[in-house]
Amino acid sequence: MDGRKRLLLFALIGIASFYVGYFALGNTVVLNWFRYSGYWIVAATFFSFLYLLYRGYHQDWPRMWAYLKSRAGRIGLLSVLLGSVFLFRAEPLGFKTIMDDHVLASTAMLLHDSREAYVPMRTVSVNSTPMRKLGFVDKRPLFQPFLVSLVHDLTGFRPYNGIYLNAALTPLLLLLLYILAERLGGVGTAVGSVALFCSSPLLSYICAGGGMEPVNLFLIVLTCLLGGFYLQGPTASRLGAFALSGILLAQCRYESVLFVLPVGLVIIWSWVRTRRLLVPWVLILCPLLLIPWLWQNRIFRVDSDAWQMADIGEQMEPFGVQYLYDNFGRAIGYFFDLSTRTPNSWLLVGLGSVALLLLLVSGGRRWRRFGTLPEILQAGILFLPGFLALFLLLLCYGWQFDNPVIQRLSLPLHIPLAVAGAYLVFGCLRSRALHRIAWVAIAVYFAAYAYPSTSQRIYARTYQSATEYRLAEKFLYEHQGEPMVMIAENSPFFSLYLDYVVTTPGANERKEEIKYFLQQPTSPPVYAFRFLYYDAVSRTLKPSTKTDLDEDFVTEPVWEDAYSEIRKVQVVRIVDVQNVEVEEPEYKDMFDYLKYWGRHIP
């Protein structure tokens, strides 16, 4: 089959895949299919990517090893080491973004246990065997939980495995960034890119957490590199590895599907420059691998609350041009805030923005010479529309750009800013005196701003949710190994540590079952976890969670920890449930008792 027929087949499969993913069948049906097939499709994509990566580049391994032993390679490894030390020197490992980190970890746990893309909300223990009774298919892309599930498979389950994975990926991310920048402008550009990229406290904060962002950043840089290497030596295996890296990137974060655009641009440009349609079967089948992404996004049709617009207290549309003006001003305010309370790097953004504008103006005048540029630079330029589309999407998002939860979405924008800024200074300017001045300026910036900002961690301390759940971990570690039932609003978090977890609304609905459970002689204690804040008007401590236990529950405090003058976390024990009558029947035998007990599990 010639190239044109293959390209036509690719287009037909793409149209059919979009129809099947976006229109065909009911939303509930496809979400159920996603639940049971999502893991296997992502696994097939990932291992096919590794196979094609080996096929396309195994002959280059001696060159890669020689590069790492060269002067440029040794400087790169030293830069990665220093950058990693700086990023993790003051930032403790732990869950950072609530609820994202917890739900991702819970999804990874189910992928490890049963290969289901599912988040448990109610976990019960029957005869010391945990069972997940209720849950939901989550909106968050599946690739990061899939990688964490592989870590579970290889090393055993640990709640922090996702955090350890992100910490391990961070040096690899810096190494890929170094190689990308070094291929563009030499060693000076590479070291400068790593330094500028690490100057953002936000990167330090996020890489020490369990979120999607480190994997997303890693795949963005890797995909751009693979695009450049494919342009250097177009083969079917390299094209397949590049295309599948784009598919995996689309499943790292919601908005990362935008980078399918630059992947397509690189492939089309390779056809134009070689005047040959290279369309391997793996590329033809790529649209089929995006069907689960389309299925998963139907969650937003089934549940409009999945956009979480109610969290900002207003009934707003998720996206709209009406947000652009306000968010642009907030973006400027966030990027160029000179205080240490904001996890930004104004040097990175300022230098990078000026560099991008100058390079784009210069490149616009010489666009006819695009084909003569180094292939890595060609791929980097073709990836710029993806970053631009991402920036515009964030500006049109209903959430405010400078919201502490939303700031992390801007991290991919730091990649072109860091590379462009370093390339302008160390790649375009040839004066060694200017280079020395630039290194001194970067050193002064780290000493005067980056170090104090990451040491104080004001931006992290003001995000109270992360602190509250660190205290929850403290309670769980103090009672490690003790059987217990936990009632909590955030059940995915506690399901990582306990075999018996009930949501707070679920407990309010199942008072009779809980009272029956309390009356059994071998039942473990039932606790409830909640956050309290001091109400100066009533001069009392009030729950700050969205839902709390009804007044029918009789509780006694067993553990609490105040983390500020007006806030603390508390664990109470349920000792009784009032206004509920439970009459136990006469049991014929143990089987009859277990059957009745099973119907009355909290």
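Contact here means heavy atoms within 4.5 Å. By that rule, and leaving aside neighbours within four places in sequence, Val221 is in contact with Leu173, Leu176, Leu177, Leu180 and Ile415. The model is a predicted one, in which local features need pLDDT of at least 70 and side-chain atom pairs count only at pLDDT 80 or more, while totals for chains, interfaces and linings use all residues. Residues are numbered from 1 along each chain as its sequence is written, and side-chain values use heavy atoms, with hydrogens and water left out.

**Helices and a buried arginine**

Helices (H or I, at least four residues) and strands (E, at least two) are DSSP runs numbered from the N terminus. Val221 belongs to helix H10 (residues 213-232). With a relative accessible area of 1%, Val221 is buried; the term means under 20% relative accessible area, against over 50% for exposed and in between for partly exposed (1.4 Å probe, protein chains only). The C-alpha atoms of Val221 and Pro412 are 9.4 Å apart in space, although 191 residues separate the two in sequence.

Helix H19 (residues 414-428) has 15 residues and spans 20 Å from its first C-alpha to its last, close to the 21 Å expected at 1.5 Å a residue. The expected span is 1.5 Å times one less than the number of residues. Of the 15 residues in H19, 13 are buried.

The loop between H18 and H19 holds Arg408, which counts as buried at 8% relative accessibility. A polar atom of the Arg408 side chain lies 2.7 Å from the backbone oxygen of Val405. Not counting residues up to four places away in sequence, Arg408 touches Thr97, Asp100, Leu202, Ile206, Glu213 and Arg253.

**Strands**

Two strands pair if DSSP finds at least two bridges between them. Strand E8 (residues 567-577) runs antiparallel to strand E5 (residues 526-535), with 7 bridges joining them. Arg530 stands opposite Gln570 in E8. E8 is also antiparallel to strand E7 (residues 553-562), through 9 bridges, and Trp559 stands opposite Val571 in E8. E7 and E8 form a hairpin with 4 residues between them.

**Aromatic rings**

Rings of Phe, Tyr and Trp (its six-membered ring) pair if their centres lie within 6.5 Å; planes under 30 degrees apart count as stacked, over 60 as edge-to-face and the rest as tilted. The count comes to 45 aromatic pairs. Two of them are tabulated.

| Pair | Centres | Planes | Class |
|---|---|---|---|
| Trp33 and Trp295 | 5.7 Å | 65 degrees | edge-to-face |
| Trp269 and Phe370 | 5.1 Å | 65 degrees | edge-to-face |

Trp33 in helix H2 (residues 27-57) and Trp295 in helix H14 (residues 291-296) are 262 residues apart, and the pair links distant parts of the chain. Trp33 is partly exposed at 42% relative accessible area, whereas Trp295 is buried at 9%.

Trp269 lies in helix H12 (residues 260-274) and Phe370 in the loop between helix H17 (346-365) and helix H18 (375-395), so this pair ties together parts 101 residues apart in sequence. Phe370 is buried, with a relative accessible area of 17%.

One aromatic cluster includes Phe95, Tyr160, Tyr164, Tyr469 and Phe531.

A charge sits over a ring if NZ of Lys or CZ of Arg is within 6 Å of the ring centre and within 35 degrees of the ring normal. The charged end of Arg35 sits over the ring of Tyr118, 3.6 Å from its centre. Arg301 lies over the face of Tyr22, at 4.2 Å from the ring centre.

Terms used. Polar contact = N/O pair within 3.5 Å; in protein donor to acceptor, adjacent residues only side chain to side chain.
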